[in-house]
Amino acid sequence: MIYVNAFLFCGFTCLVSQLILDNTKLTPGHVTSLFVVIGAFLDIFGIYDKIVLYCGAGAIIPITSFGHLLIHGAMDLAGEMGAIGLAFGVFNLTSAGISVALVAAFFLCLIFKPKH
Amino acid sequence: MNNKEYQKFIETYTPKPKVFENALVSFLVGGALGSFSELLLQLYQLWFHLPRKESGVIVILTLIVIASVLTALGIFDVLVTKLKSALIIPITGFAHSITSAALEYRTEGLVLGIGANIFKLAGTVILYGVVSVYLFGLLRIIIIGG
(Lines give C-alpha, C1' and ligand atoms only; values in the text may rest on other atoms or scores of the structure.)
Protein backbone atom coordinates (compact mmCIF):
# COMPACT_ATOMS: atom_id res chain seq x y z
CA MET A 1 0.00 0.00 0.00
CA ILE A 2 2.84 2.39 0.85
CA TYR A 3 4.17 1.90 -2.69
CA VAL A 4 0.86 3.14 -4.10
CA ASN A 5 0.87 6.12 -1.74
CA ALA A 6 4.47 6.92 -2.67
CA PHE A 7 3.52 6.74 -6.36
CA LEU A 8 0.49 8.99 -5.88
CA PHE A 9 2.18 11.67 -3.76
CA CYS A 10 5.38 11.95 -5.79
CA GLY A 11 3.41 11.83 -9.04
CA PHE A 12 1.02 14.48 -7.74
CA THR A 13 3.81 16.95 -6.85
CA CYS A 14 5.40 16.48 -10.27
CA LEU A 15 2.00 16.89 -11.94
CA VAL A 16 1.27 20.15 -10.12
CA SER A 17 4.68 21.60 -10.95
CA GLN A 18 4.32 20.59 -14.60
CA LEU A 19 0.93 22.31 -14.77
CA ILE A 20 2.45 25.47 -13.23
CA LEU A 21 5.36 25.36 -15.71
CA ASP A 22 3.10 24.92 -18.73
CA ASN A 23 0.40 27.43 -17.83
CA THR A 24 2.41 30.31 -16.37
CA LYS A 25 5.64 32.09 -17.22
CA LEU A 26 7.43 30.77 -14.12
CA THR A 27 10.72 28.91 -14.62
CA PRO A 28 11.81 25.67 -12.89
CA GLY A 29 13.81 27.83 -10.47
CA HIS A 30 10.63 29.62 -9.35
CA VAL A 31 8.72 26.37 -8.95
CA THR A 32 11.40 24.59 -6.90
CA SER A 33 11.74 27.63 -4.58
CA LEU A 34 7.97 27.73 -4.19
CA PHE A 35 7.83 24.02 -3.36
CA VAL A 36 10.57 24.30 -0.74
CA VAL A 37 8.62 27.08 0.98
CA ILE A 38 5.43 24.97 0.78
CA GLY A 39 7.25 22.01 2.33
CA ALA A 40 8.51 24.15 5.21
CA PHE A 41 5.04 25.68 5.65
CA LEU A 42 3.34 22.27 5.83
CA ASP A 43 5.75 21.25 8.57
CA ILE A 44 4.97 24.16 10.94
CA PHE A 45 2.30 22.03 12.61
CA GLY A 46 3.68 18.65 11.61
CA ILE A 47 1.45 17.98 8.59
CA TYR A 48 4.38 16.91 6.42
CA ASP A 49 5.45 14.38 9.08
CA LYS A 50 2.06 12.70 8.65
CA ILE A 51 2.50 12.66 4.86
CA VAL A 52 5.97 11.06 5.25
CA LEU A 53 4.40 8.45 7.55
CA TYR A 54 1.82 7.43 4.93
CA CYS A 55 3.75 7.97 1.70
CA GLY A 56 7.26 6.92 2.75
CA ALA A 57 9.98 7.71 0.24
CA GLY A 58 7.39 9.21 -2.10
CA ALA A 59 7.33 12.19 0.27
CA ILE A 60 11.07 12.15 1.00
CA ILE A 61 12.42 12.63 -2.52
CA PRO A 62 10.42 15.64 -3.85
CA ILE A 63 12.07 19.01 -3.18
CA THR A 64 9.27 19.81 -0.68
CA SER A 65 11.04 17.46 1.73
CA PHE A 66 14.08 19.77 1.59
CA GLY A 67 12.03 22.47 3.32
CA HIS A 68 10.63 19.84 5.67
CA LEU A 69 14.13 18.66 6.66
CA LEU A 70 15.36 22.25 7.09
CA ILE A 71 12.58 23.19 9.52
CA HIS A 72 12.82 19.79 11.24
CA GLY A 73 16.51 20.26 12.05
CA ALA A 74 15.86 23.84 13.16
CA MET A 75 12.94 22.94 15.43
CA ASP A 76 14.79 19.97 16.99
CA LEU A 77 17.51 22.26 18.32
CA ALA A 78 15.08 25.10 19.03
CA GLY A 79 13.38 22.70 21.45
CA GLU A 80 16.63 22.32 23.37
CA MET A 81 18.18 25.79 23.13
CA GLY A 82 15.32 28.19 22.45
CA ALA A 83 15.06 30.49 19.44
CA ILE A 84 18.85 30.53 18.81
CA GLY A 85 18.59 26.80 18.06
CA LEU A 86 17.03 27.78 14.72
CA ALA A 87 20.41 29.11 13.60
CA PHE A 88 22.35 26.10 14.89
CA GLY A 89 20.12 23.35 13.59
CA VAL A 90 18.81 24.62 10.27
CA PHE A 91 21.24 22.57 8.14
CA ASN A 92 21.51 19.58 10.49
CA LEU A 93 19.50 17.15 8.38
CA THR A 94 20.17 18.54 4.90
CA SER A 95 23.95 18.82 5.23
CA ALA A 96 24.40 15.26 3.95
CA GLY A 97 22.52 16.01 0.73
CA ILE A 98 24.16 19.38 0.07
CA SER A 99 27.72 18.22 0.82
CA VAL A 100 27.44 15.04 -1.24
CA ALA A 101 26.01 17.01 -4.18
CA LEU A 102 28.86 19.56 -3.93
CA VAL A 103 31.65 16.99 -3.67
CA ALA A 104 30.20 14.85 -6.47
CA ALA A 105 29.82 17.93 -8.69
CA PHE A 106 33.40 19.06 -8.01
CA PHE A 107 35.07 15.78 -8.88
CA LEU A 108 32.76 15.03 -11.81
CA CYS A 109 33.44 18.41 -13.42
CA LEU A 110 37.19 17.78 -13.16
CA ILE A 111 36.77 14.50 -15.02
CA PHE A 112 34.08 15.24 -17.61
CA LYS A 113 33.70 17.97 -20.22
CA PRO A 114 30.29 19.57 -20.77
CA LYS A 115 28.38 18.21 -23.76
CA HIS A 116 26.33 20.59 -25.87
CA MET B 1 -0.32 46.62 -37.27
CA ASN B 2 0.43 47.91 -33.78
CA ASN B 3 2.27 46.13 -31.04
CA LYS B 4 -0.72 44.39 -29.44
CA GLU B 5 -2.01 43.03 -32.73
CA TYR B 6 1.43 41.80 -33.56
CA GLN B 7 1.60 39.93 -30.25
CA LYS B 8 -1.74 38.23 -30.99
CA PHE B 9 -0.56 37.39 -34.49
CA ILE B 10 2.59 35.79 -33.06
CA GLU B 11 0.65 33.81 -30.47
CA THR B 12 -1.42 32.04 -33.09
CA TYR B 13 1.74 30.66 -34.65
CA THR B 14 3.82 29.73 -31.57
CA PRO B 15 3.40 26.03 -30.74
CA LYS B 16 1.32 25.46 -27.61
CA PRO B 17 2.92 23.11 -25.05
CA LYS B 18 1.15 19.77 -24.96
CA VAL B 19 -0.28 20.43 -21.51
CA PHE B 20 -2.16 17.16 -21.01
CA GLU B 21 0.57 14.93 -22.37
CA ASN B 22 3.30 16.65 -20.32
CA ALA B 23 1.20 16.42 -17.15
CA LEU B 24 0.52 12.71 -17.67
CA VAL B 25 4.18 11.92 -18.37
CA SER B 26 5.41 13.79 -15.30
CA PHE B 27 2.74 12.13 -13.12
CA LEU B 28 3.64 8.62 -14.25
CA VAL B 29 7.41 9.04 -14.25
CA GLY B 30 7.44 11.03 -10.99
CA GLY B 31 5.24 8.41 -9.36
CA ALA B 32 7.43 5.59 -10.60
CA LEU B 33 10.47 7.37 -9.14
CA GLY B 34 8.61 7.67 -5.82
CA SER B 35 7.77 3.95 -5.74
CA PHE B 36 11.31 3.04 -6.76
CA SER B 37 12.78 5.07 -3.89
CA GLU B 38 10.34 3.44 -1.46
CA LEU B 39 11.66 0.07 -2.65
CA LEU B 40 15.22 1.37 -2.18
CA LEU B 41 14.28 2.56 1.32
CA GLN B 42 12.96 -0.87 2.31
CA LEU B 43 16.05 -2.58 0.87
CA TYR B 44 18.44 -0.27 2.74
CA GLN B 45 16.59 -0.99 5.98
CA LEU B 46 17.00 -4.73 5.30
CA TRP B 47 20.64 -4.63 4.19
CA PHE B 48 22.21 -2.09 6.56
CA HIS B 49 19.83 -2.49 9.53
CA LEU B 50 19.49 1.29 9.77
CA PRO B 51 16.45 3.10 11.21
CA ARG B 52 13.94 4.45 8.71
CA LYS B 53 15.02 8.09 9.01
CA GLU B 54 18.70 7.43 8.23
CA SER B 55 17.74 5.09 5.38
CA GLY B 56 15.69 7.97 3.93
CA VAL B 57 18.78 10.18 3.90
CA ILE B 58 20.79 7.43 2.16
CA VAL B 59 18.03 7.11 -0.48
CA ILE B 60 18.36 10.87 -1.11
CA LEU B 61 22.16 10.52 -1.37
CA THR B 62 21.79 7.64 -3.85
CA LEU B 63 19.52 9.70 -6.10
CA ILE B 64 21.89 12.69 -5.87
CA VAL B 65 24.91 10.60 -6.93
CA ILE B 66 22.97 8.95 -9.80
CA ALA B 67 21.69 12.32 -11.04
CA SER B 68 25.16 13.93 -10.82
CA VAL B 69 26.80 11.14 -12.82
CA LEU B 70 24.05 11.18 -15.45
CA THR B 71 24.41 14.97 -15.72
CA ALA B 72 28.17 14.70 -16.19
CA LEU B 73 27.66 12.10 -18.91
CA GLY B 74 25.17 14.41 -20.66
CA ILE B 75 22.28 11.93 -20.38
CA PHE B 76 20.27 13.89 -17.82
CA ASP B 77 19.66 16.89 -20.10
CA VAL B 78 18.22 14.60 -22.77
CA LEU B 79 15.95 12.94 -20.19
CA VAL B 80 14.75 16.30 -18.80
CA THR B 81 13.59 17.52 -22.21
CA LYS B 82 11.43 14.38 -22.47
CA LEU B 83 10.27 13.83 -18.89
CA LYS B 84 10.05 17.50 -17.76
CA SER B 85 9.31 18.18 -14.11
CA ALA B 86 9.28 14.47 -13.17
CA LEU B 87 13.06 14.88 -12.84
CA ILE B 88 13.19 18.54 -11.73
CA ILE B 89 10.97 18.31 -8.65
CA PRO B 90 12.58 15.24 -7.02
CA ILE B 91 15.97 15.86 -5.38
CA THR B 92 17.59 14.83 -8.69
CA GLY B 93 16.84 18.33 -10.01
CA PHE B 94 18.83 19.88 -7.16
CA ALA B 95 21.85 17.66 -7.90
CA HIS B 96 21.49 18.35 -11.61
CA SER B 97 21.53 22.12 -11.09
CA ILE B 98 24.74 21.96 -9.01
CA THR B 99 26.61 19.57 -11.34
CA SER B 100 25.57 21.35 -14.53
CA ALA B 101 26.68 24.72 -13.10
CA ALA B 102 30.04 23.19 -12.16
CA LEU B 103 30.50 21.65 -15.61
CA GLU B 104 29.48 24.80 -17.43
CA TYR B 105 31.82 27.19 -15.58
CA ARG B 106 34.75 24.75 -15.42
CA THR B 107 36.55 26.63 -18.22
CA GLU B 108 36.56 29.90 -16.23
CA GLY B 109 38.83 28.48 -13.56
CA LEU B 110 38.61 26.63 -10.26
CA VAL B 111 37.81 29.61 -8.03
CA LEU B 112 36.14 32.22 -10.22
CA GLY B 113 34.46 29.58 -12.36
CA ILE B 114 33.36 26.60 -10.28
CA GLY B 115 33.61 28.20 -6.86
CA ALA B 116 31.69 31.34 -7.69
CA ASN B 117 28.98 29.72 -9.79
CA ILE B 118 28.32 26.31 -8.25
CA PHE B 119 25.27 27.60 -6.31
CA LYS B 120 24.06 29.69 -9.22
CA LEU B 121 20.87 27.65 -9.67
CA ALA B 122 20.67 25.73 -6.39
CA GLY B 123 21.24 28.86 -4.30
CA THR B 124 17.63 30.00 -4.72
CA VAL B 125 16.35 26.76 -3.16
CA ILE B 126 18.66 27.12 -0.14
CA LEU B 127 18.05 30.88 0.27
CA TYR B 128 14.26 30.74 0.27
CA GLY B 129 14.28 27.50 2.26
CA VAL B 130 16.35 29.04 5.07
CA VAL B 131 14.51 32.39 5.09
CA SER B 132 11.12 30.66 5.27
CA VAL B 133 12.36 28.28 7.97
CA TYR B 134 13.45 31.24 10.13
CA LEU B 135 10.04 32.90 9.68
CA PHE B 136 7.98 29.74 10.20
CA GLY B 137 10.20 28.60 13.08
CA LEU B 138 9.75 31.88 14.93
CA LEU B 139 6.01 31.71 14.22
CA ARG B 140 5.84 28.22 15.70
CA ILE B 141 7.89 29.21 18.77
CA ILE B 142 5.56 32.17 19.37
CA ILE B 143 2.37 30.14 18.86
CA ILE B 144 3.10 26.78 20.53
CA GLY B 145 6.44 27.44 22.20
CA GLY B 146 8.83 25.18 20.27
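This is a predicted model: local features need pLDDT of at least 70, side-chain atom pairs count only at pLDDT 80 or more; totals for chains, interfaces and linings use all residues.
View 1. Taken along the principal axes, the box filled by the C-alpha atoms of chain A is roughly 50 × 35 × 30 Å.

**View 2. The packing of helix α1 on helix α2 within chain A.** Helix α1(A), residues 2-23, packs against helix α2(A), residues 28-42, at an angle of about 135°, and the axes of the two helices lie 10 Å apart. Because of that angle, α1(A) is oblique to α2(A). The crossing of α1(A) and α2(A) is right-handed. On the side of α1(A), the contact is formed by Thr13(A), Val16(A), Ser17(A), Ile20(A) and Leu21(A), which meet Pro28(A), Val31(A), Leu34(A) and Phe35(A) on the side of α2(A). By class, the residues of this contact between α1(A) and α2(A) divide into seven nonpolar and two polar, with no charged residue.

**View 3. The crossing of helices α2 and α5 in chain A.** The axes of α2(A) and α5(A) come within 6 Å and cross at roughly 45°, and the two helices are therefore oblique to each other. The crossing of α2(A) and α5(A) is right-handed. From α2(A) the contact draws on Phe35(A), Val36(A), Gly39(A) and Ala40(A), whereas α5(A) provides Thr64(A), Phe66(A), Gly67(A), His68(A) and Ile71(A). The contact of α2(A) with α5(A) comprises five nonpolar and four polar residues, and no charged ones. Phe35(A) is also listed among the residues of α2(A) that meet α1(A).

**View 4. A contact between the chains, formed by α1 of chain A and α2 of chain B.** The axes of α1(A) and of helix α2(B), residues 19-48, come within 6 Å and cross at roughly 145°, and the crossing of α1(A) and α2(B) is right-handed. The residues of the contact of α1(A) with α2(B) are, by class, 16 nonpolar, 10 polar and two charged.

**View 5. The largest cavity, lined by residues of chains A and B.** The count of cavities of 30 Å³ or more comes to one, and the largest cavity holds about 100 Å³ of space. The largest cavity is lined by 13 residues, and those closest to its centre are Phe66(A), Leu69(A), Thr94(A), Gly97(A) and Ile60(B). At least two lining residues of the largest cavity are supplied by each of α5 (64-81) and α7 (95-111) of chain A, and likewise by each of α3 (52-73) and α6 (91-104) of chain B. The lining of the largest cavity divides into 10 nonpolar and three polar residues, with no charged residue. Phe66(A), named here for its position by the centre of the largest cavity, is also one of the residues of α5(A) in the contact with α2(A).

**View 6. The largest pocket and the helices that line it.** The volume of the largest pocket is about 470 Å³. Its lining is made of 28 residues, of which His96(B), Ser97(B), Ser100(B), Ala101(B) and Leu121(B) lie nearest the centre of the pocket. Two or more lining residues of the largest pocket come from each of α2 of chain A and, in chain B, α3, α4 (75-83), α6 and α8 (123-144). The largest share of this lining, eight residues, is given by α6(B). By class, the lining of the largest pocket has 13 nonpolar, 10 polar and five charged residues.

**View 7. The second largest pocket, with lining residues from chains A and B.** About 390 Å³ of space lies in the second largest pocket, which is lined by 14 residues, with Val52(A), Ile60(A), His68(A), Leu69(A) and Lys53(B) nearest its centre. The elements that each supply at least two residues of this lining are α3 (47-55) and α5 of chain A together with α3 of chain B, and α3(B) gives the most to the lining of the second largest pocket, with five residues. The residues of this lining divide into six nonpolar, four polar and four charged.

Definitions and conventions:
Residues are numbered from 1 along each chain as its sequence is written. Chains are lettered from A and ligands numbered from 1 in the order in which they are written. Side-chain values use heavy atoms; hydrogens and water are left out. Axes are lines fitted to C-alpha atoms, for helices over the stretch in contact, and angles run from 0 to 180 degrees between N-to-C directions. Helices (H or I, at least four residues) and strands (E, at least two) are DSSP runs, numbered from the N terminus. Angles under 35 degrees count as roughly parallel, over 145 as roughly antiparallel, 65 to 115 as roughly perpendicular and the rest as oblique. A crossing is left-handed if the near helix is turned anticlockwise from the far one by less than a right angle, and right-handed if clockwise. Contact means heavy atoms within 4.5 Å. Ala, Val, Leu, Ile, Met, Phe, Trp, Tyr, Cys and Pro count as nonpolar, Asp, Glu, Lys and Arg as charged, and the others, Gly among them, as polar. On a 1 Å grid over the protein atoms alone, a cavity is a set of points where a 1.4 Å probe fits but cannot get out, and a pocket is an open set with protein on both sides within 12 Å along at least five of seven lines; lining residues have an atom within 4 Å of a point. Grid points are joined across faces, edges and corners, and a volume is the space filled by probe spheres set on the points.
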